[in-house]
There are 6 protein chains.
Amino acid sequence: MPVIELHLIEGYDIDTKARLGRGLTDAVRAVLPADPEAVTVLTHEVSAAGYMRGGQNRSPAPALPDPVKTVRDFLRAMEARDLDRAAGFLSEGFEMTFPGGVRMTRLDELIAWSKPRYARIAKTYTGFDTAMTEGGPVVICRGTLAGAWPGGTAFEGIRFVDRFELRAGKLWRQEVWNDMGEARLGEAQS
Amino acid sequence: MPVIELHLIEGYDIDTKARLGRGLTDAVRAVLPADPEAVTVLTHEVSAAGYMRGGQNRSPAPALPDPVKTVRDFLRAMEARDLDRAAGFLSEGFEMTFPGGVRMTRLDELIAWSKPRYARIAKTYTGFDTAMTEGGPVVICRGTLAGAWPGGTAFEGIRFVDRFELRAGKLWRQEVWNDMGEARLGEAQS
Amino acid sequence: MPVIELHLIEGYDIDTKARLGRGLTDAVRAVLPADPEAVTVLTHEVSAAGYMRGGQNRSPAPALPDPVKTVRDFLRAMEARDLDRAAGFLSEGFEMTFPGGVRMTRLDELIAWSKPRYARIAKTYTGFDTAMTEGGPVVICRGTLAGAWPGGTAFEGIRFVDRFELRAGKLWRQEVWNDMGEARLGEAQS
Amino acid sequence: MPVIELHLIEGYDIDTKARLGRGLTDAVRAVLPADPEAVTVLTHEVSAAGYMRGGQNRSPAPALPDPVKTVRDFLRAMEARDLDRAAGFLSEGFEMTFPGGVRMTRLDELIAWSKPRYARIAKTYTGFDTAMTEGGPVVICRGTLAGAWPGGTAFEGIRFVDRFELRAGKLWRQEVWNDMGEARLGEAQS
Amino acid sequence: MPVIELHLIEGYDIDTKARLGRGLTDAVRAVLPADPEAVTVLTHEVSAAGYMRGGQNRSPAPALPDPVKTVRDFLRAMEARDLDRAAGFLSEGFEMTFPGGVRMTRLDELIAWSKPRYARIAKTYTGFDTAMTEGGPVVICRGTLAGAWPGGTAFEGIRFVDRFELRAGKLWRQEVWNDMGEARLGEAQS
Amino acid sequence: MPVIELHLIEGYDIDTKARLGRGLTDAVRAVLPADPEAVTVLTHEVSAAGYMRGGQNRSPAPALPDPVKTVRDFLRAMEARDLDRAAGFLSEGFEMTFPGGVRMTRLDELIAWSKPRYARIAKTYTGFDTAMTEGGPVVICRGTLAGAWPGGTAFEGIRFVDRFELRAGKLWRQEVWNDMGEARLGEAQS
């Protein structure tokens, strides 16, 4: 039933308006059990001259990149071992925490750390969630891992979840959980 | 810079309006790098007689429970082994997936499954994220586990993350990842 | 798809808001082929102190009576030959035009005129249409007449239509067309 | 006193916006005795990307044709005996009811039926009313008929009223009442 | 032609809403030559829970006192030589400039300064203007002075103008101009 | 905290929108002690076809000239003794009142009147206030005069204030107060 009106300074592109519209729809539907068809978003665009705060016109800030796209692009670059490209998605102060609570800050550390753990790895995604915190958006991506153990045996279907915090459109925190410990434990016990 | 107007049928309580306002603010801030101070939400409440869709007045649906509160209450009941109370938070068709990809649908199955894994367990929360999907809200809670192995040795600081999907205010899916496999592997190898 | 916001000074009753909401919905649907479910009306009520035109607060005028109800009540009074009550629905300058182009201004004239035409008469309504003109609303009611000719023979199913113009909530013009001429012609020719 | 805001997806032409504006003004004035000068309509046009229902952008449906224009064009074609053109204004399932309750569905039936009733006929219009029903708009047109009886005697000033129901921009029902029975009765009795 | 919507947190009294409405009407009419009747102000009041900036609810600040009333009350107190009451209208840092460019900060200084200039004095007001500056409102009051010279001769009709700047509802600057110099000059030259 | 929405027919230039926005911001801040940053103005522009009052589209009236600019331009022309240009800023019925209550209607009268008072004069401006009255805007400008007495002695720093009323964008009343009487009195007494 709710109607949401969003007032923006004109100039945002179609994709940004769509992201805003979906986000506002979701925000309402997280609280009210409204039939999606009944949630209407109207985005009003005022001219830059027609917007004033504190008696002064303002320039609209460029939209942030889509956080899911940022995460996907980063993970694709990592999978391709294109560390330069991957590093371009990281904000200053980036920190990652991997299974066992291992903290690292550089991508080459991660590569070194993973070497004794698996020979190769690829991700299949089940889904991406985007949440919002006071500091910025959070992306949770989950799915399964396939690859080969250092000894060459293949594995697949190992569940994982990655949680990314973004700051100003860049990745700032990555936390990783997965069932590789369980899998290796199973292997060790077999 | 954006102003958001939300039009509701009157009758929602203060907490619901606050949840809506924060959700809308977050939805905008996930896309636009606006200074929080510059995001204004105005919630207009129209009388039931003053709202019409398709030429007909509508009754406002009761707000959904706060999904984070639902998750917290469920986890607290589980920790207290109050399975009856915990079951009250579950929707029909509830399914949970635990480390190793173990799928269960009943809480007593879970209790049975965990018995050989640990003697007791308690969660400390680092944070909760709320995302929205087409089907409904998703809550991701993360933190650390403390407890004792079946042999009695204590453990603590083991990272975990739980992902809950809600349907109509109830828990519908639970997925759990944690570092217990890593920890047990470490223990087994020591 | 359209959303209509109506801003009123507070104080109108539920029925008035419903009539306004339906009228606005119909007005849009007369022009746009929108699914009724997709036409939303939001009626915002501002306090009398919060409404100003030309720098001055205004008092909201009382709503006009429902024109269909006025027509129904007038026709019921006429059928009951309660001319006093019926006259209460007429505005100054009321004029009626009956089949054959007969113009009258007083209800007793009408009674006298109808005497040689039928012994008694009753209306069954098929429907009421409400249109709007610059001067005010127009009600068109149609249906069938049943009764008895002066000689006592019964008749029924004779089609009629009445068109009423209202001014300031009162009936100002009545125009009547029906198939009684056809029926009498048929009788005369039989 | 009322202010009406209409929110549309951009793209409608000037004439459509004028029809919407007048319709909304009339809808309010049918209920509230507001000075016309005090009824303001503001039509806000949002970009297609800025409108969302159920989280999805929508395409604006083309406006329906002006129902009065449709009726006028149909009647002009009938008067010119251009049955092909006239038939183009009819929806599937069209049905007409003429004086005496005669029901027809094809325009050539009507021509055949009218042949013994008059030799030629032309309409002069007094006015058109547009009402709205749940099914669609209704046009009531009234005026006088002039022409010649089958025997060649001219007649004029015979009152008529036509009521048209439209569906999806086409004529679906036509009901006709007039004083021709009265006139023929007068002639027969003279 | 313009319509102004003002969104406030609910709770302001009628007088405050009227002052806001008149101020907004005047602000538009200073720029657009609109017929006053055509300038509409709608004041929407949202509940405190329904207003959020930066994701946080806010308390509405109490309205400032009417600056014209403040000036009138101050001048009345001065005329009655009620310096205590008059001082209550002054903000910290108050400064006044009188004819000849005489600057003073205390009301008793003013009394002392004026003693050799006139024996008594009273103001008749022609009008009050209220302007707005970045620092706060400004009130300009003008009219005529009547009284008696130190020698006892009466005078009247001497033009004056006072300009007051207010800060946070208190008087912060007073500037006075009048024709007393001209009058005394005339007297001296006569 | 307040949000102001202004609805205009599209077509006003950037400067007009800025003047409107600042005027509306000031109007609110004269009544509510809001942090300037918290006062937002949104100017919505509807197409000419999308605006209707009394069921009729309207043409937007051209904006009035900026009254401060009009006053500045008039005073500059006067200072340059360009009476023709200065007269172009005056409305029919213009009247000015100078120190001592001297009323004049023609600029050459003023020149004649001032001749015995000073040999030359120039204004330095401290500030301009713009107020609004029912009749139109009022500009108050104040500052100091510098020049030479008829005998040739220079003067400077003499305080003045001018109050202008405008009608339809032209100057209609000018009232002048200054300390020249005080200064001449001082000179006479010295």
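Trainee: At about what angle to S1(F) does H1(F) run?
Mentor: This is a predicted model, in which local features need pLDDT of at least 70, side-chain atom pairs count only at pLDDT 80 or more, and totals for chains, interfaces and linings use all residues. Residues are numbered from 1 along each chain as its sequence is written, chains are lettered from A and ligands numbered from 1 in the order in which they are written, and side-chain values use heavy atoms, with hydrogens and water left out. H1(F) lies across S3 of chain A, S1 of chain E, and S1 and S2 (40-46) of chain F; helices (H or I, at least four residues) and strands (E, at least two) are DSSP runs numbered from the N terminus. Axes are lines fitted to C-alpha atoms, for helices over the stretch in contact, and angles run from 0 to 180 degrees between N-to-C directions; for H1(F) against S1(F) the value is about 145°.

Trainee: Which strands does H1(E) lie across?
Mentor: Contact here means heavy atoms within 4.5 Å. H1(E) runs at about 145° to S1(E). The strands it lies across are S3 of chain C, S1 and S2 of chain E, and S1 (3-9) of chain F.

Trainee: Which strands stand at the edges of the open sheet of six strands?
Mentor: The order is S3(A)-S2(F)-S1(F)-S1(E)-S2(E)-S3(C), with mixed pairing; two strands pair if DSSP finds at least two bridges between them. Each edge strand has a single partner strand, so one side of each is left without a neighbour in the sheet. The edge strands are S3 (51-53) of chain A and S3 (51-53) of chain C.

Trainee: By how much are neighbouring strands of this sheet turned against each other on average?
Mentor: The value is an average over neighbouring strands, with direction ignored. It comes to 15°.

Trainee: In S2(E), what is the bridge partner of Ile4(E)?
Mentor: S1 (residues 3-9) and S2 (residues 40-46) of chain E run parallel and are joined by seven bridges. In S2(E), the partner of Ile4(E) is Val41(E).

Trainee: Are H1(E) and H1(F) roughly parallel or roughly antiparallel to each other?
Mentor: Both helices span residues 14-29, and they pack at about 160° with their axes 8 Å apart. Angles under 35 degrees count as roughly parallel, over 145 as roughly antiparallel, 65 to 115 as roughly perpendicular and the rest as oblique. H1(E) and H1(F) are therefore roughly antiparallel.

Trainee: How many nonpolar residues has the contact of H1(E) with H1(F)?
Mentor: Leu20(E), Gly23(E), Leu24(E), Ala27(E) and Val28(E) meet Leu20(F), Gly23(F), Leu24(F), Ala27(F) and Val28(F). Ala, Val, Leu, Ile, Met, Phe, Trp, Tyr, Cys and Pro count as nonpolar, Asp, Glu, Lys and Arg as charged, and the others, Gly among them, as polar. The contact has two polar residues, no charged ones, and nonpolar residues numbering eight.

Trainee: What is the relation of chain A to chain B?
Mentor: Chain A can be laid on chain B by a turn of 180° and a shift of 0.0 Å along the axis, with an RMSD of 0.1 Å; copies are superposed by least squares on the C-alpha atoms of residues with pLDDT of at least 70 in both. That is the relation of a two-fold axis.

Trainee: How far apart are the nearest C-alpha atoms of chain B and chain D?
Mentor: Chain B and chain D do not touch. Their nearest C-alpha atoms are apart by 9 Å.
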